[in-house]
Amino acid sequence: MVKLSELTVEEKLRLICGKGTWNTDDLNGKLPSLLMCDGPVGVRKVKIEENYVQTPYPSVSYPALQCLTNTWNRRLAREMGAALADDCKEKEVDILLAPGVNIKRNPLNGRNFEYFSEDPYLAGTMAYEYVDGLQKNGVAACVKHYCCNNEEFNRLEQSSEVDERTLREIYLKPFEWTFKARPEWVMCSYNRINGVRASEHKKLFDVARNELGFDGAVMSDWGAVSDRAASVKAGIDLEMPFNQANYDKLLEDYRAGKITEKEIDVSAARILKAIEKRMKHRGEKPKKTEKERLDVAQKIAEEGLVLLKNDGVLPLQNGQSVCVLGRYARGEKEYTSGGGAAHVSPLCGNVPLADALKSVMPDSEIEFEDGFNYENIQSYSQKPQRMFEKCAINDVAVICVGTGYLIEYEGKDRTTLKLDPMQEELILQTAAQNPDTVVVIYAGAVIDVSAWEDRVAAIVYAGFNGERGNVAIANVLSGKVNPSGKLSETFPLCLEDSPYFDTYRDATVARYTDGLDVGYRYYETAGVDTRYEFGYGLSYSEFEYDDLEVVKKGGLCAEISYTVKNVSDVDGSEVSQVYVRDAVSFVYRPDLELKGYSKNYIKAGDCAKVTIQLDETAFQFYSAAKDKWETEDGVFVIYVGASVKDIRLQAAITVTDGEINKIKIF
């Protein structure tokens with residue numbers, strides 16, 4: 001491996017400026033070149049055709065990170081990372097440009113399907129497992145987008161105006177949790193933060209390295225660099241893709257003394273270190289077969305499905321007649337995934353939902369009708385009388401609706417939380433014909449269901465669920481799989497209820513005047529009703545909580561334990577959640593903040609004992625006055641629940657001089 005001292009200044013400059021669209025520079029064969037590809041939900045390696053047309057190679061299409069997080073299953077996040085590493089190895093990819101850990105502040109954000117959650121703890125802990133699973137299987141992760149990239153509108157120029165405390169507690173926190181997995185790369189965002197371009201924000205990169213524990217290299221998002229010399233000084237080690245004008249200006253600035261060789265050496269050394277790490281894994285073979293990786297995708301889709309409503313129509317019974325309605329049921333990628341860097345060309349493709357249902361309900365008559373054209377959604381694709389007749393004469397109608405990559409995609413935000421009016425009308429008319437109507441939603445983010453929620457018997461939020469998604473849906477609808485997903489973001493009653501809605505934004509500035517009140521923190525503190533709260537999801541099982549204990553472990557550390565009992569006759573999994581509230585504080589604190597969670601499989605009639613560790617981070621706030629994390633003396637209430645609203649157990653602890661000294665169980 002070439003040493004830094006063996007490179008000329010010009011070679012160092014070339015090294016930190018990338019080569020082409022997807023590679024680091026090999027310095028004319030002097031160094032190995034690293035290949036990087038998009039891929040939070042599947043490796044998006046492309047073949048460059050004539051006229052620079054990029055054709056992606058087929059790859060396993062996994063559920064979106066939004067669907068992954070709805071599993072609340074750390075093990076599955078790790079398995080997804082490991083499976084993606086195998087996909088990378090097959091395609092000789094060294095760096096996966098994933099995952100994205102940005103907070104879902106704006107429910108209309110076009111890339112919300114790529115991100116984990118509105119909650120920093122949930123986002124960070126799931127991302128940690130994903131990154132660790134990827135890197136321990138030989139492929140480098142690139143965590144993105146650092147930071148405050150919370151909407152797509154004018155993302156190249158808009159400034160995210162955010163106060164220091166909010167920045168630390170909400171928007172940097174998921175990066176801090178993820179950095180514990182020691183990702184080899186982090187990618188800067190396009191936007192400005194408090195007026196400074198992310199690619200030139202030295203303060204934020206210093207925070208990442210000196211306070212948040214990041215020790216890897218930093219690359220730019222594609223085209224995010226305006227001034228290469230300024231970005232080097234700030235901490236951008238690698239500009240991507242290669243930009244001839246930026247390289248020429250950097251060389252000119254070096255010769256003019258505006259940037260020193262010592263400053264260049266810092267970035268070049270980090271890239272050399274990253275290359276050396278990758279060479280240890282070159283030539284490794286996949287550990288999982290393609291089938292095993294597809295099975296991982298299916299398992300995530302099954303556990304990430306959230307049952308929002310069920311008036312008893314689900315699970316379906318073998319022998320019932322079912323009419324499946326809607327082109328989304330075909331499983332085509334246009335309808336079941338988002339667009340942009342996270343769009344994947346599926347390896348095998350999804351089976352139609354009607355076919356998947358037939359395989360698990362062999363004695364049932366399953367019919368399919370398109371319903372409407374996706375390309376021209378304002379018109380039915382066939383006479384509506386035929387559709388509604390089919391709905392009326394079958395035992396159950398299953399309507400498949402949603403968004404897709406022409407609505408949710410990189411580069412543009414959605415304009416509404418509602419489905420297209422034609423889809424809403426289709427739901428209402430179908431429900432009028434058949435009271436046992438089940439709505440399946442394929443979407444990457446929040447959907448406003450208010451126009452039709454009370455007219456249907458069941459609502460299944462499938463999300464963007466990958467190429468095994470319809471198999472997963474059929475398994476849940478038929479009862480072969482018990483639903484266990486819970487929402488990782490709040491479904492408000494309407495867009496106007498969102499804390500984001502009234503914040504100031506114009507063509508160049510987005511003011512984060514919602515502060516700490518992002519997602520459920522706002523709804524719970526302000527007492528605003530929601531359609532489906534954070535952490536919510538139904539099951540075919542019923543669970544009871546009991547036997548809460550809190551044990552001091554020294555300092556501000558405590559062990560929380562409780563039992564969850566499955567009181568039904570159906571085996572199932574339950575996601576239990578631990579929230580903390582500072583009862584009386586001298587600074588503003590949201591009423592509830594997630595600080596722990598566990599997913600446990602429990603057989604019918606059995607109990608699971610759940611144990612969750614809380615440390616000082618569960619009680620801290622960031623003091624902007626003192627530039628450090630602090631914990632106030634006083635009373636903290638600990639809540640254990642099935643969702644943020646469905647609290648089952650609670651206790652209180654008293655903190656004095658950094659020690660827990662009293663505990664009371666309610």
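Strand β27 (residues 634-641) is largely enclosed by the rest of the structure, because seven of its eight residues are buried. Keep in mind that this is a predicted model.

**β27 and its partners**
- On one pairing, β27 runs antiparallel to strand β22 (residues 572-582), and six bridges join the two.
- Within that pairing, Val-580 has Ile-638 of β27 as its bridge partner.
- β27 also pairs with strand β28 (residues 647-656), again in the antiparallel sense, this time over eight bridges.
- Getting from β27 to β28 takes a hairpin of five residues.

**The largest nonpolar core**
- In soluble globular proteins, nonpolar side chains tend to be buried together.
- The largest nonpolar core here has 119 residues, and the members touching the most others are Leu-68, Tyr-146, Trp-185 and Met-219.
- Helix α4 (residues 120-135) is the top contributor to this core, giving eight residues.

**A closer look at Met-219**
- Once you set aside neighbours within four places in sequence, Met-219 still contacts a run of residues from Trp-185 through Val-186 and Met-187 to Cys-188.

**A second core**
- There is also a second, separate core, made up of 32 residues.
- Among its members are Ala-356, Leu-357, Ala-457 and Val-476.

Definitions and conventions. Residues are numbered from 1 along each chain as its sequence is written. This is a predicted model: local features need pLDDT of at least 70, side-chain atom pairs count only at pLDDT 80 or more; totals for chains, interfaces and linings use all residues. Side-chain values use heavy atoms; hydrogens and water are left out. Buried means under 20% relative accessible area, exposed over 50%, partly exposed in between (1.4 Å probe, protein chains only). Helices (H or I, at least four residues) and strands (E, at least two) are DSSP runs, numbered from the N terminus. Two strands pair if DSSP finds at least two bridges between them. A nonpolar core is a set of buried Ala, Val, Leu, Ile, Met, Phe, Trp, Tyr and Cys residues joined through side-chain atoms within 4.5 Å. Contact means heavy atoms within 4.5 Å.
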